[in-house]
Structures are given as structure tokens and as C-alpha cells.
Amino acid sequence: MTQTVLTVDDSRTMRDMLRVTLEDSGYRVIQAADGLLGLEALKGEKPDVIVTDINMPNMDGFGFIEAVRRDSRLAGVPILVLTTESDAALKNRARAAGATGWITKPFEQTRLVDVVRRVAA
Amino acid sequence: MSNDVLAQLRQTFFEECDEQLAELETGLLQMQDGATDSETVNAVFRAVHSVKGGAGAFKLTTLVSFAHVFETALDEIRSDRLEAGPALMKAMLRASDVLADLVSAARNGDDVDEALWRGLADEIAGFCGKEKAPSPAAPVSASDPAPAAFAPQPMAFTPQPMAFTPQPMAFTPQPMAAPPAFTPQPMALPSLAPAPAAEDAKAGGALRILFRPRVELYEKANDAVVLLRELERLGAMTVTCDLSEAPLLDALDPHGAYLGFDIHIVTDRDEQAAREVFEFCEEDCDLVIRREAAPAAEAAAPAAHAAAAPDPAAILNALRPAPKDAPADPSAAAPAADPPAADKTAAKPADPARAAEEAAAQRAAATAAPATIRVDLDRVDRLINLVGELVINQAMLAQAVQGADGARDPAVSGGLDELDQLTREIQESVMAIRAQPLKPLFQRMSRIVREVADATGKKVRLVTEGEWTEVDKTVVERLADPLTHMIRNAIDHGLESPADRLAAGKPEEGVVRLSAAHRSGRVVIQISDDGAGVNRDKVRAIAIGKGLVAADAQLTESEIDNLIFLPGFSTTEKISAISGRGVGMDVVKRSIHALSGRIFLKSKRGHGSEFTLSLPLTLAVLDGMVVTVDGQTLVAPLSAIVETMSLDAGRLRAFGASNAVIADRDGFVPIIDTAAELGFRPHRRVVGGDKGVALLVESEGGGRSALVVDAIQDQRQVVIKSLETNYGRVPGVAAATILGDGRVALILDVDALVARARGAASEPLLAAAG
């Protein structure tokens, strides 16, 4: 069965890259441009994996992850953090918020697909 | 990914860069004006961050390098470790200009001279204190594929450069480093064979993994089942589940973690392969991974290994979650792969970001992002052309029905009216698609202001108003050059030097104001300065000197001011590098005219000058009055017509030999014989008494004239078809259109007609005009 990935990123370039890469690998992709829109997108959906950026307007990645984890319907959805920061402090903060794993931009396409597959149930 | 897709992504990236650069500049200007709220600073940070992120994906290393320095400084500011003082803000604004230059160089694939950004990068790094720009010893150029020296991010997680990849293996304290806080084992685990020597790792055999998830692992949506599934990819796997910790059902917390797994995988992959599976949850579980040699090798394993590797089961116990207040247990803290940089950033207070997040969440409710799609401009243009055809077709249909019997049928005429209404609405909606705010254009001007201010040593503040005013995209694009020129002029020629300003009792800093507004179906843009104003004596002298105007000409103040629009006029004695690039105000005027726009100048000595541009909202349609002139059907743009009046003999007065004026409410207005001006008749006819209608028009500078036509047929929207593209430029004619009956009608260029008529009337006065 086709799996669905929600990507949340304020950069259109990054959204397009994620969409192209994931769709090429057979995923259904839904997208949102910031945390609030991400929560909006989750209202009618329960994706198999969420990929989110950290630095975003309106609601950043930390806020978004926390909100998803608070929602019992979505608490079990794996969330991958996608950010240019390779630095551990951000990663730890994302983990503390409830992130499942992380991918550092710029990502290798195979690496992205591999990680998404690895965390998807 | 195919090349097409890549090219598409690249284009998206550069489009996005433009938007981010605009955001960046807006934010920086707000910060310069004292905005300190975290949302502004965050938005600025994000803009640079996005550019860097995308640049990394496309391996635009120069861009990444510069953006990195910029971003680092912004991060310091948003974390309150660096104060955004005037000097820093100035450097930041210059950095935004340089970033724009680097983006455009990257877009064009141009090589970038390091001098362009190096100095500024060092300067900004200097503000941050510790972090230096990449050392000259490790220059980062566009051709250098590895900016690893100081921009580790882009490379960090790509598989190749091991040096920068925080692989868990390399940094994780090995379990044996843990203090042997041995507790009685609840699990009966088979004792493990000692690990084989590293060189034996590939020699077949198995991996033995002891894995006990903690609650945190599940809370982060990692899943033991998924992890086991991944492990199974390594080879044939047998798993023994340890249920010894599981409570009875009534005591079972569904969110609890009770299971342990003893996993055996037949594989020749090494521990690293298994450890990667646990990359995201190593800190949330007790984990021991051990390579088991093939049975034959097992027997021969050196005893030394046994000493170095204690029984995994014991280790697993030692790894049991320690109470939070227990003395630091190195294994529990398990900093899996923190690069050295962690120390620096870990000290960063999380509060500002958190506060920003809350503020943002509150704000977000008020400013929901508008849903937009991006459409290829060609498609919109095609749509506009089609709608133009539709308008013409609808007019033709209406005309055809009028002549037929159907006109008497109310259903037909009612339907036609509705069609007319719908067509108009469709047309307006389509036009709205092309409409764009002037903001990006205004933002470009703020850069021009900075550059010219620096070059001239003048102090200038740019004030913009109405930047959200929307205009057709084509108009916006074609305004860039004239506007740039006028802004340069306003600073270079308009504003006085700081010393002169102080002497004149003005503040040292000059103000250039750029405003836009919609006014009666047109957009009006004004560029004003509070400088010295036009020096009329000088302008007049120059115009006489250059033979543009007769020495004894009687000119009003407004006429003198507008002399600067004449071709070949330039007020600066020495041509400066800024304004005097061979482009005069005549070129500006011509570009504005090409947009069916008008331009005029008002000036007050000592108080400054004001240029006013009046432009159509769109170049595609026009509200026009269809008139008959000497048997020809013509269209006069409604925007130019103030009112229409009958040629009542009592209001006409002869003026000179071949001219006449008509009495208006507040004076006399010169009469222009349209047919004669267009060459339909060889001579002007002194009108009077005979039938005809006067169109009272307002032209550039506010002067009124009465265009005489034979009759008014209709008032309607017409689709503009360019004559210049299809035929050539005709003086007095702006464009053409196709009427309902399929015939072509010319659209009058009222300003040109008036200027021509007046020029002819005052031939000796303004030789060059017309």
C-alpha cells in the first residue's frame, strides 16, 4: 500500500526537492509550509512519516513536533527533522520535543528515502 | 533525478532567493529603524538560512560560505549575544546587497571575485568575535567542491566525507567504559562468546544484539518492531523476547516499555551496520552490539578479547536507566555523536527561540498564510490574449444581433447583456492575476539609495509608501530603469551636501520619498526629495545655451521645470558617475510614455522637487470613448477625458488666425482640431456653429485642451493591440483596437496630440518640443 509522507518546510525549493525525491520512490506526498499549516494538513490525514524543517515562520519545527506528540491520534507517527544544522544542540532539542530521527540538509536522495523507510511502520 | 527536474528545482531556488532577499532587506531595514522583536530578527535569519540551505543543495559553495558568516552573525543577534548597533546594521545591509550579487552570479554561472565578499565577510565575522571567515589559506571558490573548512553543514551528512560525519561509532563511549554498577540480573541470557578480532569481521559469522527499549524510545515514535524489521535486512535473524520485566495485565501501562530483545543475525556485516539501525534511538534504549565469529573462529578467539568485552547481559544491566539525580553516569549521558561545536551552542539559552515561537503562534492566528499557486507567466499571457479575443468576439456578436431580428427578443438581448457583464468580470479577474505589488521594485530602490548615498557622501533616508499598490507585472518590470534613474537624480542633483543642508537650516539627513497609490483607474507614483529644488535660472540658461529654447521665451515656472525632460538636456556641468550615464530625463520620459504613462515635475526652490508618474494599471485593455472624426472611427482613452461639451457658438472665441478657444467653467481652453492634427484634413478649420463635440482633456502638467470630434458613438472597453509591434510608431496614435464590427480603430495618444498642436501653435517658442 502506498505510504504517505507529510513534509513541512518553509522553503519552496526544499519542498519541491522532498516531493520529487519521495514521489520518485513511490510515496504519496502532502506538504505544508510551516508548523501551523502542518497541523492544519494533519486534520484530515494520518501520514506514515512526517518530515519537518526546524526554522520556520508562525510555528517552528519544535512547536510542531510537540503539538503532534500531544495529539493522541498522531503521537505514534514518526517525525524526521530536516535541517541544515548538523549541530547537536538543535538535534537534542528536536529529540526532546519528540522527534524520531533527523536528516541533515543538503540530503542525499538515497539517504532521505532510506531514512524515511527505516522509521515508517 | 533527471536534468529537467533539476533545472526546474534550480529555477525554483532562484525565484525563492529573490523572495528571501526581499524579506531580508525588509527585515534589516526594520531592524535599522529600531525593530527588535524576535519575529523580525527570526524572519531575517530564516531568509539567509533558506538561501544557504538551497545553495548547499546546489553546491553553490561561495554562496554557502558567505551566507554562513551572515547567518552566524544573525544567530548571535537573535540569541541576544550580539547587539545590532548602527555599524553592524550598516554592514548587514551591505551584506544583503552582496548576498544578492552572489545569488545573481550563481544564477548566471558567473565567477565571483573573492574580493567582492571576503572583506565584508571578515568584517561581519569580526563583529561576532570568535568565528572568523574562512582563512585565506583555505579559499572557498565556486570551483572548490569542498568548503568543509568552515562550512561543515552542507557536507556533514553526505556519506562520503567520513571526517565530518558524526558516526556514532567513532564517538560513542564504549559500554565497557561504564562503571560496573552491577545489579543482579533478572534475565537469563546465554553467555556471549567473545568478539572476534576486527580483521575477522568480514569472515562470516553473526551479530549478537541485546536491545531493551526505554519508554522514551516509544514516545519518539520509534518502534521496536520497525527496528527489528530493519535489522532483519542484515541477514537471517532469530529473536528471543525477554518478558521478565512485563507486569501482570492489570498493572500494565499501555505506554510502558517492558520488553527486551536478544537478537542473533547471521551476517557478515559489521557492528556498524547494526548500529546505524539504532542511529535515532541509541540514547533511548539499552543496547549492546557484538560481532560473533563463525563457530570455527570462535574457538580460536584470543582470550584478550574476553577481558576487554564483559558479558553483554551484565552490561545491559549496567545500562538500566539511572535515577535522574544519580551522579553522572557516562553511559547514561551517552553523547552519541556530538561534534565539538556542541559545547558552544549548548550554552545558548533556549528561551529566545521559545519566546519567538509563542509570539509566532499568537500572531499566526491573525496572519494565516494566503494560499497561492505559481503559474507560468506564458499561461497567464495566453489567457489574457484569449480573453481579449473574447471581448472582441462578444462585441461583434452584440453588433450582429442588433442588426438581426433577434434584437427584439428580450431573452436574446438579456442574454447578451449578461454575457457582456460576465466578459468584463472575467477580464478584470484575469488582469488581477497579472497584478503585482510594487514592493519588490521599491525595495530595489532602497539599495540604489544606499549605493548613491555612499558614492556621493550624502546622508539619505528613503521613505516608501503604498508599496503594496498593485500594478500589471509588465508595468512593474519596465518601471525599474526609469525609477532607478529618478532616484539617482533625486540624491545626486536634488539633495544638497550635508554641510549645505545644515547651512540651509535643514536636517543633515535628506529624505527621498517614494510613494504609490491608485487614483481613478491609474497608478500614481511620486518620487520627491527635500533638497534644493530646481534651479530655474540655471535650467533656463542651459536650455537657451543649448538652443532648446529661444532666449526671449516667456516661460512659466512649470514650463521651465519641465525643460529638463527635453532631449539633450543635462544640468550637471561635470558628468558624475552616478546620474550622468548618458541617460537624461528625456529617456525617462520616453520610457514612461511607452507605458502609456505621463510624467511631470513640480519643484519649489529650497524645498525640493517632486516627480509624478501616472501609469495605467494594465497595458492590455483600455476604457475608451469611441468617436467619429471626419468619417473615421477613433478611440479616445477615457482616462484622459475630463468632460465632453457641445460646441456652442456662444462659448467659442477666435484666437489668432487659425486658432480658437472655448469657454470652460473657469477660463478659456484651446481648441484642437483632431482631424487636422491627424492629417485627415490639410488645414485647421476654425470651428464654430457647426455640429461637433469637444472632448475636454487633461494632459501632462495639468493643462486642459478641447479636442474637437464630429460625434461620440459609444463608450466601451477596448483591447489594446500594439501598432508599434505590428506596423510602426505613428505620432498622435497610441495603439489600435478591433471593434465589434471587426474593423480596426486607432486609439488616440491624447498627450502627443495636444503637445503637437501646442508645439505647432508656439513653434518659435519651443523649437525642440514635439
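Two strands are taken to pair if DSSP finds at least two bridges between them. Strands (E, at least two residues) and helices (H or I, at least four) are DSSP runs, numbered from the N terminus. The structure is a predicted model, in which local features need pLDDT of at least 70 and side-chain atom pairs count only at pLDDT 80 or more, whereas totals for chains, interfaces and linings use all residues. Residues are numbered from 1 along each chain as its sequence is written, and chains are lettered from A and ligands numbered from 1 in the order in which they are written.

In chain B, strand β12 (residues 621-629) pairs with β13(B) in the antiparallel sense over 6 bridges. Within this pair, V626(B) stands opposite V635(B) of β13(B). The hairpin formed by β12(B) and β13(B) has 2 residues between the strands, and D630(B) there takes a positive phi near 50 degrees. Strand β13 (residues 632-637) of chain B is also joined by 2 bridges to strand β22 (residues 744-748) of chain B, the two running parallel. In β22(B), L746(B) is the bridge partner of L634(B), and I747(B) is that of V635(B).

These strands belong to an open sheet of 5 strands in chain B, ordered β20-β12-β13-β22-β21, with mixed pairing. Because β20 (711-719) and β21 (733-738) of chain B stand at the edges with a single partner strand each, one side of each is left without a neighbour in the sheet. On average, neighbouring strands of this sheet are turned by 35 degrees against each other, direction ignored.

Chain A comprises 5 helices and 5 strands, whose order from the N terminus on is β-α-β-α-β-α-β-α-β-α. Of its 121 residues, 61% count as buried, that is, have 20 or more other C-beta atoms, placed from the backbone, within 10 Å of their own. Residues are in contact if their C-beta atoms, placed from the backbone, lie within 7 Å; among contacts in chain A between residues at least 6 apart in sequence, 60% join residues at least 24 apart.

The axes (lines fitted to C-alpha atoms, for helices over the stretch in contact) of helix α3 (residues 61-70) and helix α4 (residues 88-97) of chain A come within 8 Å and cross at roughly 20 degrees. Helices α3(A) and α4(A) are therefore roughly parallel to each other, a class that takes angles under 35 degrees. The contact involves G61(A), F62(A), I65(A) and E66(A) of α3(A), together with R93(A), A94(A) and A97(A) of α4(A).

Definitions and conventions. Axes fitted to C-alpha atoms, helices over the stretch in contact; angles between N-to-C directions. Parallel < 35°, antiparallel > 145°, perpendicular 65-115°, else oblique. Contact = placed C-beta atoms within 7 Å. Buried ≥ 20, exposed ≤ 12 C-beta atoms within 10 Å, placed from the backbone.
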